[in-house]
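Student: I am new to this structure and would like to learn how its inside is put together. Could you take me through it step by step?

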Amino acid sequence: MKILISHLPKHDWWGHGTPIYKNNPAMKEGVVPNQELVQIEMFMLSQLFSKLPFEVIEIDFPHFLDKQNIKQRQHDFVFVRDLFVSNQKNKIIISKFSENARQIEADIMQTMLESMGYKTIRIPDNSTATAEGGEFYFCPKDKILFSGACRNNIEGAEWVAAEFNVDELIVMKSNAFHLDTLFTPVLNKDNSLAAIIACTTLMDKGSTDSLKSFAKRKNIEIVEVEPEDAIGTEKELGEFAVNCQPLPGYLIGPTRFRSNKVAPLLKELDVMHITVPTTQFRLSGGAIHCLTNEL
């Protein structure tokens with residue numbers, strides 16, 4: 001497995017203040033991240049992944065998205081997760097954003113991936129399907145695709161599921177802009193789905209019921225966490241602990257879970273939970289899963 005990470009832009013990341021994107025309560029217009037912490041946290045992330053038993057590919061931040069003109073800057077490219085979905089077997093689907101401001105990022109990522117020798121595919125322009133990478137978790141060994149249904153629509157989730165030829169598609173509806181802000185699977189050392197951590201209170205009841213039914217049928221445990229371990233609420237931003245990169249035998253996240261049920265489960269499954277802070281990236285609605293992607 002290969003893990004893709006972007007370098008930071010040369011100009012301060014949202015140095016002129018963050019914009020506001022729909023369904024993303026983390027973004028407060030005009031908030032400027034602490035750039036010293038941004039650099040430290042990204043360095044720590046890069047160092048951590050370089051020590052794990054996976055190949056890391058670090059790419060330069062595109063100059064085109066890092067212009068002097070602040071009105072033209074698109075600094076969220078560091079969230080490479082959002083830009084594509086990979087089946088980890090050389091099939092890469094470029095995101096078709098419902099958040100139109102970010103489509104240019106995915107288009108540039110497609111060019112970069114193809115220059116690296118990867119083949120990419122796109123949802124047809126005449127299709128009404130939308131699919132953003134942060135809305136998906138794909139478990140390749142089990143052939144299970146988890147999809148959000150906020151910025152993704154059902155058509156987009158089904159399009160990706162068909163291209164990946166999955167055995168099962170689990171769709172979860174919520175008002176959280178991306179699934180990875182309230183949900184993560186846990187993979188054991190054999191790369192099999194071993195557990196689920198989810199903030200079900202932020203999902204609609206039908207999705208919660210379907211997820212619990214799925215877990216019972218698969219005989220895997222669900223640990224339900226509170227919004228503070230997820231994206232939070234309009235009144236109080238959460239810690240994004242659930243925004244994890246699940247890898248075989250590892251769960252890489254931005255902070256420890258406040259729920260006291262997570263650590264015992266991971267210990268029982270022999271899954272190592274490693275954390276590296278992403279306090280500044282949280283201001284734009286992202287953490288570890290957002291900053292990484294599989295190839």
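Student: Which residues do ring pairs link into a cluster with Y137?

Tutor: Happy to start there, and please keep in mind that this is a predicted model. By the rule used for ring pairs, the count comes to nine aromatic pairs. Some of these pairs share rings, and the cluster they link with Y137 is made up of F146, F183 and F214.

Student: How is the pair of W13 and F79 arranged, and what is the angle between the planes?

Tutor: The ring centres of W13 and F79 are 6.0 Å apart. Planes over 60 degrees apart count as edge-to-face. W13 and F79 form an edge-to-face pair, and the angle between their planes is 90°.

Student: How many residues apart in sequence are the parts that W13 and F79 tie together?

Tutor: W13 sits in the loop between β1 and α1, while F79 belongs to the loop between β2 and β3. The pair therefore ties together parts whose separation in sequence is 66 residues.

Student: Is the pair of F138 and F164 stacked, edge-to-face or tilted?

Tutor: F138 lies in strand β6 and F164 in helix α3, so this pair ties together parts that are 26 residues apart in sequence. F138 is buried, as is F164. Their ring centres are 5.1 Å apart and their planes stand at 45°, so the pair is tilted.

Student: Which element gives the most residues to the lining of the largest cavity?

Tutor: The largest cavity holds about 180 Å³ of space. Its lining has 21 residues, and R81, Q88, Y137, F138 and E294 lie nearest its centre. The elements that give two or more residues to this lining are β3, β6, β9, β12 and β15. With four residues, the one that gives the most is β6.

Student: How many residues in the lining of the largest cavity are nonpolar?

Tutor: Sorted by class, this lining has two charged and seven polar residues. The nonpolar residues in the lining of the largest cavity number 12.

Student: How much space lies in the second largest cavity?

Tutor: By the rule used here, there are two cavities of 30 Å³ or more. Residues that line the second largest cavity include F79, D76, R102 and R151. By class, its lining has four nonpolar, four polar and four charged residues. The space in the second largest cavity is about 40 Å³.

Student: How much space lies in the largest pocket?

Tutor: Among the residues that line the largest pocket are N23, P25, M203, D204 and E234. This lining divides into five nonpolar, five polar and two charged residues. The space in the largest pocket is about 190 Å³.

Student: How many residues does the largest nonpolar core have?

Tutor: In soluble globular proteins, nonpolar side chains tend to be buried together. Here, F49, F77, F84, M109 and I252 have the most contacts inside the largest nonpolar core. Elements that give two or more residues to this core include β1, α1, β2 and α2. The residues in the largest nonpolar core number 43.

Student: How far apart in space are R73 and W13, C-alpha to C-alpha?

Tutor: R73 is found in the loop between β2 and β3, and at 11% relative accessibility it counts as buried. Leaving out residues up to four places away in sequence, R73 touches H11, D12, W14, H16, L65, K67 and Q68. R73 and W13 are 60 residues apart in sequence, and their C-alpha to C-alpha distance is 9.5 Å.

Student: What is the phi of N219?

Tutor: Most residues other than glycine have a negative phi. N219 is in the loop between α4 and β11, and at 70% relative accessibility it counts as exposed. Although N219 is not a glycine, its phi is positive, at about 60°.

Conventions:
Residues are numbered from 1 along each chain as its sequence is written. This is a predicted model: local features need pLDDT of at least 70, side-chain atom pairs count only at pLDDT 80 or more; totals for chains, interfaces and linings use all residues. Side-chain values use heavy atoms; hydrogens and water are left out. On a 1 Å grid over the protein atoms alone, a cavity is a set of points where a 1.4 Å probe fits but cannot get out, and a pocket is an open set with protein on both sides within 12 Å along at least five of seven lines; lining residues have an atom within 4 Å of a point. Grid points are joined across faces, edges and corners, and a volume is the space filled by probe spheres set on the points. Ala, Val, Leu, Ile, Met, Phe, Trp, Tyr, Cys and Pro count as nonpolar, Asp, Glu, Lys and Arg as charged, and the others, Gly among them, as polar. A nonpolar core is a set of buried Ala, Val, Leu, Ile, Met, Phe, Trp, Tyr and Cys residues joined through side-chain atoms within 4.5 Å. Buried means under 20% relative accessible area, exposed over 50%, partly exposed in between (1.4 Å probe, protein chains only). Rings of Phe, Tyr and Trp (its six-membered ring) pair if their centres lie within 6.5 Å; planes under 30 degrees apart count as stacked, over 60 as edge-to-face and the rest as tilted. Contact means heavy atoms within 4.5 Å.
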